[in-house]
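Student: I am new to this structure. Could you please take me through it step by step?

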Amino acid sequence: MDVSPDFRIEPVRRPLAQHNPAPSSELLRSGPVVTLHVDDTVLSGIRRQSAQQAGTEVGGILLGRHFVNGTGWIVTVTDHLAVPSDNASAVHFEFDQSSIQAIAARLADSVDEYIVGWYHSHVGGKPFMSGTDHKMHQAHFNAPWYVSAVVGAGEWGLPVGFWRLAGTELEALDDYLVRMTGPDSAAERHQRFLEECVDRDDDDRPSRPGPAELLPALGVATESRLATLLTAAASPRRRWGTDAGIDQFRLLVEVALTAGADPGCVEELEAVQRRLRHTRGRQGRLRLASTRFKERIAVHRGECYSYTPGDLLMERFDISRRLVWPVRIESPPVSVHYDQEGMLWVLMANHHVLRMETSAAEDSEQGTRFRFQFARLALPPLEGDPLEAVGDPEAVWVRTARQWHRLPLVQEGERTSLGSGTRGDLPSAQCRLLPRWKESGGSTPLLGAVQDGRLRLWRPAEDDGTPLVDIALDPPWDRWPVRDLSLGGDTLYALFDDDGGNQIAAFDLRTQRLTQHIVSVAGQESVATICTDHLGRLHGRIDHVLCRF
């Protein structure tokens, strides 16, 4: 049978992806805002749990996936996590310390499923959502596709009720599809989840890292009480550095705080919660893999130059065509930057600067050809070797170990040269030259460095050395060395080195606050370098892959 490509379901690959859900089949583009599909093993599992503890409220987490259609969402519930609670009674159920460990264990064990809601039981009457239940759902499951399930009096034949949040009110999902999956091992999975929560003093199994591997990137010591709590879940290592893992970890921390975790961990949990507001995984929206990517990169309007200081051969990548051309220059490159007009400026080891422009492509039977136009500019004598050069329409800015220099472009007929200009001392020995695009308020580059636990930017022409931007770095940023800096519009990106992997931080220059933390965890390849393009988009090289974050 010939099936149209339109009849396809694309699963959402990240939990909590409210702003970027995936499309679903055209066949399902009708009906209510939320269409619910529940596996029969889930219903039998939560009913069994309720029946076995008929005099006490029980609860847990619903797992599955969600999809977008033309009128709303399709939510599929494919599994559940039954979590024990020390604070359960005949009238209420709360997530507590043991619940947190169970959630951590199950999330670390899941690859294709994530949290789509929660459930609990009532010991009498039909299913309903109480005022306390409403507050719980609104506080921690406020996306419109999250669902809540309530089991009635714990009897096997009693229907399960489902709700979702519509604005600030709960909406009952009276009609839902039950997917018959056959004789599954729901009881065995249920028992396995419960066993994950039991403390085993006599367990000789080796300890396995869990979500605590994220903590070093969030500035929490691995030997802290919080790390001990999370590691106690003893779950296999999963991709906690992804958006999926971070979203699950964020919810885990919120539940821990709501449940009244160990008082010794509350302060650390609150600090982690604040940092997680700006944290996301480093999955790139664009990924271009090539074994020919070199150490450093510069990106502009769909092209990327890759180079290694000391190597005569640079590589020019056409991102849209997925093609690469070698470009050989006369002396090894020291630095490569684009200016706001798309001109490439290459500082070479022989104290010359190349101004390069790539002409339009010529397609022929022999393939695609590009023409490169070069202007070779000799640097005047400087105090020290040049380390960076950034060009603008009027001048070339050069940084040495101790000074900055502004060398004006002098046009004599068809010949361009560099004149003698101005210079000044660097405000910090760690300063870097940061080119700016038109959108970031001018063509004059800025000087950037971390100094005394503060991230600072200066205008080279300012004589008094007063920083233009002065950002106090909170732990752990204040103790990590900076590998790279890049300006993109009103955002300053910094690549920090830490023990577990490189961390990328984004700071708003107007508010001078952290706005984003792109996290790396132990076991991931390090981000080698970063740069921004003319639209302020952040790019980085990870091993042999160019990523746009």
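**Contacts, folds and salt bridges**

Tutor: In this protein, residues 24 or more positions apart account for 54% of the contacts with a separation of 6 or more, where contact means heavy atoms within 4.5 Å. This is a predicted model, in which local features need pLDDT of at least 70 and side-chain atom pairs count only at pLDDT 80 or more, while totals for chains, interfaces and linings use all residues. Residues are numbered from 1 along each chain as its sequence is written, and side-chain values use heavy atoms, with hydrogens and water left out.

Student: What does the secondary structure of the protein come to?

Tutor: The protein has seven helices and 36 strands. Helices (H or I, at least four residues) and strands (E, at least two) are DSSP runs, numbered from the N terminus.

Student: How many of the residues count as buried?

Tutor: Of the 549 residues, 52% count as buried. Buried means under 20% relative accessible area, exposed means over 50%, and partly exposed lies in between (1.4 Å probe, protein chains only).

Student: Changing topic, how many salt bridges does the structure hold?

Tutor: There are 14 salt bridges, each being a side-chain nitrogen of Lys or Arg within 4 Å of a carboxyl oxygen of Asp or Glu.

Student: Which residue forms a salt bridge with Asp-484?

Tutor: The partner is Arg-296, and the closest N and O atoms are 3.5 Å apart. Asp-484 lies in strand 30 (residues 482–488) and Arg-296 in strand 11 (residues 296–300), so the pair ties together parts that are 188 residues apart in sequence.

Student: Is Asp-484 buried or exposed?

Tutor: Asp-484 is buried, because its relative accessible area is 3%. Arg-296, at 24% relative accessibility, counts as partly exposed.

Student: And where do Glu-303 and Arg-316 come in?

Tutor: Their side chains meet in a salt bridge at 2.6 Å, N to O. Glu-303 is in strand 12 (residues 303–307) and Arg-316 in strand 13 (residues 313–318), 13 residues apart. Both Glu-303 and Arg-316 are buried.

Student: What about Arg-406 and Glu-394?

Tutor: Arg-406 forms a salt bridge with Glu-394, with 3.7 Å between the closest N and O atoms. Arg-406 sits in strand 23 (residues 403–412), and Glu-394 in the loop between strand 21 (388–391) and strand 22 (395–399). Arg-406 is partly exposed at 24%, whereas Glu-394 counts as exposed at 55% relative accessibility.

Student: Which residues do salt bridges that share partners join into one network?

Tutor: Arg-454, Arg-456 and Asp-470 are joined in that way.
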